[in-house]
Amino acid sequence: MLSVKHELLAALAAELETLSPGAGSKAAFENPKQASHGDFACTAAMQLAKPLKANPRQLAQQLVDALQATPAFQRWVDALDIAGPGFLNIKLKPAAKQQVVREVLAAGAAFGQQPSNGQRVLVEFVSANPTGPLHVGHGRQAALGDALCNLFETQGWNVHREFYYNDAGVQIETLANSTQLRAQGFKPGDAEWPEAAYNGEYIQDIANDFLAKKTVKADDREFTASGDVNDLDGIRQFAVAYLRHEQDLDLQAFQVKFDQYYLESSLYTSGRVAQAVQKLIDAGKTYEQDGALWLKSTDYGDDKDRVMRKSDGGYTYFVPDVAYHITKWERGFSKVINIQGTDHHGTIARVRAGLQAAGVGIPQGYPDYVLHTMVRVVRGDEEVKISKRAGSYVTLRDLIEWTSADAVRFFLLSRKPDTEYTFDVDLAIQQNNDNPVFYVQYAHARICSVLASWGGDVASLQDADLSALEGPQAQALMLQLAKYPEMLSAAAADFAPHDVTFYLRELAAAYHSYYDAERILVEDEAVKRARLALVAATARVLHNGLAVLGVSAPQKM
């Protein structure tokens, strides 16, 4: 059906060009809001009416007469009607819709994917400081980042996954001090215990392993403990390595991998922070006031100028961000996406201002941001509180162990990132149609069961006679299959992995309706093969879409 749509669009473009030179580039179809109106809609007549000073319905009739004479419309279109002020409603012949089955079966895992565009994109996500295990908010970010990376890969991008974290600074010092106190025998509630310390039991685990002189290894580092409670620097390095290892376990349980771990400390040791600051000074975009160095960020749309270097000589936290993004640009990433919590909203303007002021050729609007809200977890009709400082928050691994990695991914991706989300643990383990991930996976498993009962070679179905696929449920299912490639492209362009979850639920619903309407393994061999081809194509698209989300497509449930 994709090839059919391209033929029809080419015919439409040619006729629009005849009506108005240059209009052919605007040839497009829309999906009607009501299926009864047709399979495609076109608003070209209304768009051209004003510049051509013509009546839109008369122009629509002129366009209909011309299109009906074209070979493409004669071959594939069953009806072409005018509605309202000049809408064109296009109803396809069954044979046109049937083409998508062949296209899916021929392309297989590549259906919906675009060829390489030769461009690179860096997606930075999770980026949790190594001060504790990953919590559910990090899980939402991991799901978003990984799915967005997969989406961009379907569109031909060369994707680089990056994890940036602070291995120095106040939080790490707090971690080291908390671990040292635990190693010395102190605990939360003692008079010696600071209010700002980390209270979680994992701090005691780190202290115990440090005293035992254990070696910990993470994806980006390895360290052996000295066991000396007075070795604060050694405690710091061990605690960072320990928690990086814990985070690696969280990510492994979630099946998320990164191409690179980037350390904030390296920006200082390499001199990149100092270089970035000097670029801003040299560009005349800074000034001294009250003993501090300020960036003229209001020149770039910020609501006020921002302090870069405080009076005590320390840099504010957005300065290394500017240096870090300059490295992204210098590494050849003209497209960069940052996935962060909504609490980072205030940093966007100042980071972009710093990048513009640095004068290194970075375009406006760089980088792109996807901001997400935190996640509320409910179990047994009661909220499970998330409190990192108190050490009582729900970790990502907790949620996976209570449900499954598939459920966590699908649920966390099922809403727009910037909307509040409540994760219902009880719903996530239900095996019924109320559970969205079960509903989609069950559709795939149901098809696999049908194909297994048939016992034939799915590859042989590419040559099946599809003319028997004329029923309304079959046609609706084929139309849904045909939407997949454009849905992927739009989801990538809009940074919207949730669109994939919506689509998969609609595709599963279309399949279940078809399954309930028509028996597949019938006696008539030609009809059976046609129906098997349709459900095999549906299974393939379900599998492809779930893979984008990082969710499995089981053969049995």
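Helix H17 (residues 436-454) packs with helix H20 (residues 498-517) at an angle of about 45°, their axes lying 9 Å apart; helices here are DSSP runs of H or I of at least four residues, strands are runs of E of at least two, and both are numbered from the N terminus. The axes are lines fitted to C-alpha atoms, for helices over the stretch in contact, and the angles run from 0 to 180 degrees between N-to-C directions. H17 is therefore oblique to H20, since angles under 35 degrees count as roughly parallel, over 145 as roughly antiparallel, 65 to 115 as roughly perpendicular and the rest as oblique. The crossing of H17 and H20 is left-handed, a term used if the near helix is turned anticlockwise from the far one by less than a right angle, with right-handed used if clockwise. Residues making the contact (heavy atoms within 4.5 Å) include Tyr439, Ala443 and Ile447 of H17 and Leu504, Ala508 and His512 of H20.

The model is predicted, so local features need pLDDT of at least 70 and side-chain atom pairs count only at pLDDT 80 or more, whereas totals for chains, interfaces and linings use all residues. Residues are numbered from 1 along each chain as its sequence is written, and side-chain values use heavy atoms, with hydrogens and water left out.

Turning to the rings, a search of the whole structure finds 20 aromatic pairs, where rings of Phe, Tyr and Trp (its six-membered ring) pair if their centres lie within 6.5 Å, and planes under 30 degrees apart count as stacked, over 60 as edge-to-face and the rest as tilted. Among them is the tilted pair of Tyr164 and Tyr262, at 6.4 Å centre to centre with 35° between the planes. Because Tyr164 belongs to strand S5 (residues 158-165) and Tyr262 to strand S8 (residues 260-263), this pair ties together parts that are 98 residues apart in sequence. Tyr164 is buried at 9% relative accessible area, and Tyr262 is buried at 10%; buried means under 20%, exposed over 50% and partly exposed in between (1.4 Å probe, protein chains only).

Phe125, Phe163, Tyr165, Phe258 and Tyr261 form one aromatic cluster. Over the ring of Phe163 sits the charged end of Arg244, 5.2 Å from the ring centre, a label that requires NZ of Lys or CZ of Arg within 6 Å of the ring centre and within 35 degrees of the ring normal.
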